[in-house]
Amino acid sequence: MKRTLALGGIAAGLLASAAIAAPAHADSVPAVNLANTNLAAQQVAAFWYGQAKANLINATPYAVETTVPTKHVSTGGVSADDKAGVVGSSGDQKAATGTLKNINLPKTTGKVFFLGADGKPHWCSATSVQGQYKNLVATAGHCVYDTKSNATTLDKWVFIPGYYEGKTPWGIYVGKTAYTHYDYSVYEDGDRDFAFVTVYNGVLPTEVRGTGHGFYGIYEDYFKAAKVKKAIEAKKETGWSDLKIEPFVDTKSGPTGKGKLGDRRNFGSEWVQVDQAGILAASKIADGDLGDKAPEAFPAGTGVKVDPSNKAEFDAATKAAPQGKAGNSSATDGWAWSKDLKVLYLKRGETYTKRTFFVNYDVDYKLVGKKLSIGLKDVGTLGSNVGGQGLAYNQKIGTGIFVFGYPSGSHPDGNYAFSGKTQKWAYGKTFKAAAPSMKAEELVGIKSSFTGEGSIGSSWLYRYSNTKRLGYLNGVTIAVSDTDGNNRIDTSVSPYFDGETLAVYKQAAANWSGKIV
């Protein structure tokens, strides 16, 4: 259900590349940062390029609000709020028709990748749109704004034009700022389920130097660690990713005060390394107390033997005593704590020695995360590499539209129609539609067999030129439907692009992004 947005007046009689409507007030076009610093954007790109592009390859179509009940609307429904018009650099085009057998697919179409509320990688369809700085992407609003977990936006958002099975022919374009209609941002109004996103210059990898865990800090309780973690994730400017809170046992020496346990600590792994020499000095116990052979001093549940020269045995020892610690100080010496952290077993050559301490220990919490290291090179603006579609608004119902996207998945009857790997197209004429479950009563629809998974965010192009591969964006798929009940998807629906859509577009199109490397 649309709510009226105060636009400050839309100029009448807008033509192709002439004057555009005055923008909505700033607070009426919400702008949310996705990656607002170069460092954050570099880390996002590294996340998708790292690990042999495993996150890209393993991503699945976004399944939030895809197949929903929709219906034709014969009376009422959507209507233009001013005269029809188009904007963009593509100029007037002669409309292609649905009778064409061979359609040259646009270079502007691609996929947006992000982490969903489930923490897993997903994708939607999207397209490059012409803007002042050639840095604009259009897709469905719920492929940018996290309507499932009610977080502000989806994480690690990037656009990849021409994506195919891990290939990024024109690079990865990291999202900088997302713009949408106030009614969608605040009310999740399906009639305004669209978004325009500014992106940084594209990047391609020059050298992948691997991934690893980095230590961020130690906090005395879980809640303080959680507060810092939340602040880091909200700023999106530290370069840290996959932040996790882990228990950390901080040990201190016994009542003598001599020696210090934990002189050497490795925060990036599961155990705390102890200075063995310091312990021996504090305990003043000679080696060999338990004889020259391994004693029966390792009953189940109390301690773990460690052979420091055998990595497998060392790893097993650590795992076997998850509340204790195990390690080694040289090629011949090893040590292991009991689970209660009060008994230490030492190995000197073939001699095992038992040490008992009065150990004070405190459970704190450490914050760790991935620091991805990757070489990147700048490949220029999105529009310079693939072009940008224009924008059409207030077009009459019954207009012929081409739809381009990456449909994936099966029809309700189980027929697997699309793989989502390659770009597909459909053609139809618009009609009035509604989808009450999405709070959408003023949509437009076209007949299409695109299944929902993957096709969300597909671009609807008006007056598409088969030779120039350009047209005017006049909608984005937000859902699909089986309207005749035969268990086959037959309809795609989009918000109606009107003067208010134009205002959001203009606000986004006037913002510069820049480079990340």
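1. Let's start with the aromatics. Phe402, Phe404, Trp425, Tyr427 and Tyr464 are joined into a cluster by ring pairs. Keep in mind throughout that this is a predicted model. Across the structure, the count comes to 16 aromatic pairs.

2. Phe113 and Tyr163 have ring centres 4.9 Å apart and planes at 70°, so the pair is edge-to-face. Phe113 sits in strand β5 and Tyr163 in the loop between β8 and β9, so this contact ties together parts that are 50 residues apart in sequence.

3. Phe402 and Tyr464 form a tilted pair, at 6.0 Å centre to centre with 50° between the planes.

4. Two lysines sit over aromatic rings. The charged end of Lys111 is placed over the ring of Trp123, 3.7 Å from its centre. Lys156 lies over the face of Phe47, with 5.3 Å to the ring centre.

5. Next, the strands around β8. Of the 7 residues of β8, 6 are buried, so the rest of the structure largely encloses this strand. Strand β5 (residues 109-115) pairs with β8 in the antiparallel sense over 5 bridges, and Leu115 has Asp155 of β8 as its bridge partner. β8 also pairs with β9, again antiparallel, over 2 bridges; there, Val158 has Val174 of β9 as its bridge partner.

6. How many salt bridges does a search of the whole structure find? The number is 6. Among them is Lys421 with Glu165, where the closest N and O atoms are 3.2 Å apart. Lys421 is in the loop between β23 (416-419) and β24 (424-429), while Glu165 is in the loop between β8 (155-161) and β9, so the pair ties together parts that are 256 residues apart in sequence. Lys421 counts as partly exposed at 43% relative accessibility, as does Glu165 at 42%.

7. The salt bridge between Glu500 and Arg192 has its N and O at 3.0 Å. Glu500 is in helix α8 and Arg192 in the loop between α2 (182-187) and β10, so this pair ties together parts that are 308 residues apart in sequence. Are these two residues buried or exposed? Glu500 counts as buried at 8% relative accessibility, and Arg192 is buried with a relative accessible area of 1%.

8. Arg488 and Asp413 also meet through their side chains in a salt bridge, at 2.5 Å from N to O. This one links distant parts of the chain, 75 residues apart: Arg488 is in the loop between β29 (479-481) and β30 (491-495), and Asp413 in the loop between β22 (408-410) and β23. Arg488 is partly exposed, with a relative accessible area of 33%, and Asp413 counts as partly exposed at 40%. Elsewhere, salt bridges that share partners put Arg192, Asp498 and Glu500 into one network.

9. That brings us to α8 itself (residues 499-509). This helix is mostly covered, with 9 of its 11 residues buried. The buried residues are Gly499, Glu500, Thr501, Leu502, Ala503, Val504, Tyr505, Ala508 and Ala509. They pack against β4 (85-87), β6 (121-129), β7 (136-140), β9 (173-179), β10 (194-199) and β20 (390-393). At the helix start, a side-chain oxygen of Asp498 comes to within 3.1 Å of the backbone nitrogen of Glu500.

10. Last, a loop residue. Asn135 is found in the loop between β6 and β7, and it counts as buried at 4% relative accessibility. Leaving out residues up to four places away in sequence, Asn135 touches Val197, Thr198, Val199, Asn511, Trp512 and Ser513.

Key: Residues are numbered from 1 along each chain as its sequence is written. This is a predicted model: local features need pLDDT of at least 70, side-chain atom pairs count only at pLDDT 80 or more; totals for chains, interfaces and linings use all residues. Side-chain values use heavy atoms; hydrogens and water are left out. Buried means under 20% relative accessible area, exposed over 50%, partly exposed in between (1.4 Å probe, protein chains only). Helices (H or I, at least four residues) and strands (E, at least two) are DSSP runs, numbered from the N terminus. Contact means heavy atoms within 4.5 Å. A polar contact is a pair of N or O atoms within 3.5 Å; within protein, one must be able to donate a hydrogen and the other to accept it, and residues adjacent in sequence count only if both atoms are side-chain atoms. A salt bridge is a side-chain nitrogen of Lys or Arg within 4 Å of a carboxyl oxygen of Asp or Glu. Two strands pair if DSSP finds at least two bridges between them. Rings of Phe, Tyr and Trp (its six-membered ring) pair if their centres lie within 6.5 Å; planes under 30 degrees apart count as stacked, over 60 as edge-to-face and the rest as tilted. A charge sits over a ring if NZ of Lys or CZ of Arg is within 6 Å of the ring centre and within 35 degrees of the ring normal.
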